[in-house]
Amino acid sequence: MQYDVVIAGAGLHGGLIALALLDAEPTLRLALVERADRPAGNHTWCFHRADAPPDIGAWFARLPLIGWPGYRVAFPGFGRTLDLPYCCLTSEALAAALKDAFAAHATARLITGCAVTTLDADGVTLADGSQLRAPLVIDARAMAGRAEGGGYQKFLGLEVELDADSGLDRPVLMDACVAQGQQFRFMYVLPLAPRRLLIEDTAFARTPELDPAQRRAAIHAYAAASGWRISAVLREESGLLPMPWRGMPPAPRMPLTVGYAGGWFHPATGYSAPSALRLAALLARHRRDPLPALRTEWRRHRRRFRLGLVLNWLAFCCFRPDLMWQPFARFYHLPLPVIARFCSLQSTALDVARLLVGRPPRGFGSAWRAGQHTSEVG
Ligand SMILES: Cc1cc2nc3c(=O)[nH]c(=O)nc-3n(C[C@H](O)[C@H](O)[C@H](O)COP(=O)(O)OP(=O)(O)OC[C@H]3O[C@@H](n4cnc5c(N)ncnc54)[C@H](O)[C@@H]3O)c2cc1C
């Protein structure tokens, strides 16, 4: 079968790119192939509203996002309410948007329950043996394996129903006032509806292992301590995101690799929604000849990516795990635009200076003193 574009993987990047391409060219012959029985996986993707480029297109406005005027953070002895509009896209919402978009475009095909087995610049072969050819092939199958030279962000989240309103009007992005131990630990709470919360127990650690039973128990204890009575657990999600301090994203080439596998993520937050939104907008504008624009974007991305590597190294290698919350608390003292640009991988040179220069946070060097220091970075 001949197409204009074939995308392998209907996750965050593959899904958003497909929506943007179909919106820009309604008669595009597009195939989106997903290994699972339904697209979009099992995630709740959060990002700042400002992460979406201004010219992203009408498809973005149609996405059923849940939004808030900002969020809170809490550390021992310091808390802040940040008025930075924040929102989330659930897998369910992305799957519904894809279903609608593919139903409305006769030349587009969403293939689920079938893995891509081989992929090159001319097309893909599927597990059932069929071949899809296209001048633009996009590999959005996400990363495989673990980070080499880096730590991890690992988390388990429970979406819960409460027996009364939570009282939260905005997310709590980081509540680090919880027991720390041999990792930097915090709770992350999204008020999805007055009586529905997603509570995630998150840790930044050197090792990828996570004990699900322990995390579930910790979430229940945190909910009880916050005065929330859980009447039902609706869903569970978990994740393991690399937080590297070594390894740069590869230069774009055909076939295009997007998403985690292409290095299109934020090394210091583990998030990739900002990159996914920018790539979707860029590919919709430059579908016929994407490499020049992508390489320009990649050069910008590399510079900010390197900053993330340095910050990961500082956090993981210069602070003892129980004091690792200190640089994050310092970060959240910064002006709102600096925080927003950092999260969106858009830091300016002045932002970089504000992030790196000045009196180091308390605990700096404690990892050296404890013999937990690693020297390689970049
Ligand atoms: C639970 C969780 C929560 C997260 N929350 C956030 C967040 O709030 N904000 C944020 O920005 N980032 C978040 N992230 C990080 C990151 O943005 C996500 O991991 C994001 O989904 C990565 O996008 P992706 O397109 O690279 O991969 P994915 O979204 O994982 O998509 C890859 C897709 O490819 C499919 N696939 C794989 N192999 C094949 C194959 N051979 N053939 C066909 N299909 C295949 C997979 O089934 C999957 O659907 C989260 C990650 C996790 C795990």
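Q: To start with, how many bridges pair strand 10 and strand 11, and in which sense, parallel or antiparallel?
A: First, keep in mind that this is a predicted model. Strand 10 (residues 123–126) pairs with strand 11 over three bridges, in the antiparallel sense.

Q: Which residue in strand 11 is the bridge partner of valine 124?
A: That's leucine 132.

Q: What is the strand order in the open sheet of three strands?
A: The order is 9-10-11, and the pairing is antiparallel. Strand 9 (116–120) and strand 11 (131–133) are the edge strands, each pairing on one side only. On average, neighbouring strands of this sheet are turned by 15 degrees against each other, if you ignore direction.

Q: And what about the open sheet with five strands, what's the order there?
A: That one runs 8-2-1-12-18, with parallel pairing.

Q: Why is one side of strand 8 and of strand 18 left without a neighbour in the sheet?
A: Strand 8 (108–111) and strand 18 stand at the edges and each has a single partner strand, so one side of each has no neighbour in the sheet.

Q: How many bridges pair strand 1 with strand 12?
A: Four bridges, in the parallel sense, between residues 5–8 of strand 1 and residues 136–139 of strand 12. As one case, valine 5 has leucine 136 in strand 12 as its bridge partner.

Q: Okay, switching to helices. At roughly what angle do helix 1 and helix 3 cross?
A: Roughly 35 degrees, and their axes come within 10 Å. Helix 1 covers residues 12–24 and helix 3 covers residues 91–104. The crossing is left-handed.

Q: Which residues make that contact?
A: From helix 1 you get Leu12, Gly15, Leu16, Ala18, Leu19 and Leu22. Helix 3 brings Leu94, Ala97, Leu98, Ala101 and Phe102.

Q: How do they divide into nonpolar, polar and charged?
A: Ten are nonpolar, one is polar and none is charged.

Q: What lines the largest cavity?
A: Its lining is Arg278, Glu297, Arg300, His301, Arg304, Leu345 and Gln346. Helix 6 (residues 291–318) gives the largest share, with four residues.

Q: And how many of the lining residues are charged?
A: Four are charged, two are polar and one is nonpolar.

Q: Let's go to the loops. Where is the cis peptide bond that joins a methionine and a proline?
A: Look between methionine 254 and proline 255, where omega is about -10 degrees. Proline 255 sits in the loop between strand 17 (230–244) and strand 18 (256–257).

Q: Where is proline 250 found?
A: Proline 250 is also in the loop between strand 17 and strand 18.

Q: What does proline 250 contact, leaving aside its neighbours within four places in sequence?
A: Gly262 and Trp298. Proline 250 and tryptophan 298 are 48 residues apart along the chain, and their C-alpha atoms are separated by 8.7 Å.

Q: Last one: is phi of alanine 40 positive or negative?
A: Positive, near 85 degrees, and that's in a residue other than glycine. You'll find alanine 40 in the loop between strand 2 (30–33) and strand 3 (44–48).

Note on methods:
Residues numbered from 1 in each chain as written. Predicted model: local features only at pLDDT ≥ 70, side-chain atom pairs only at ≥ 80, totals over all residues. Heavy atoms only, no water. Axes fitted to C-alpha atoms, helices over the stretch in contact; angles between N-to-C directions. Helix = DSSP H or I, 4+ residues; strand = E, 2+ residues; numbered from the N terminus. Left-handed = near helix turned anticlockwise from the far one by under 90°. Contact = heavy atoms within 4.5 Å. Nonpolar A, V, L, I, M, F, W, Y, C, P; charged D, E, K, R; others polar. 1 Å grid on protein atoms, 1.4 Å probe; cavity = no way out; pocket = protein on both sides within 12 Å on 5 of 7 lines; lining within 4 Å. Pairing = 2+ DSSP bridges.
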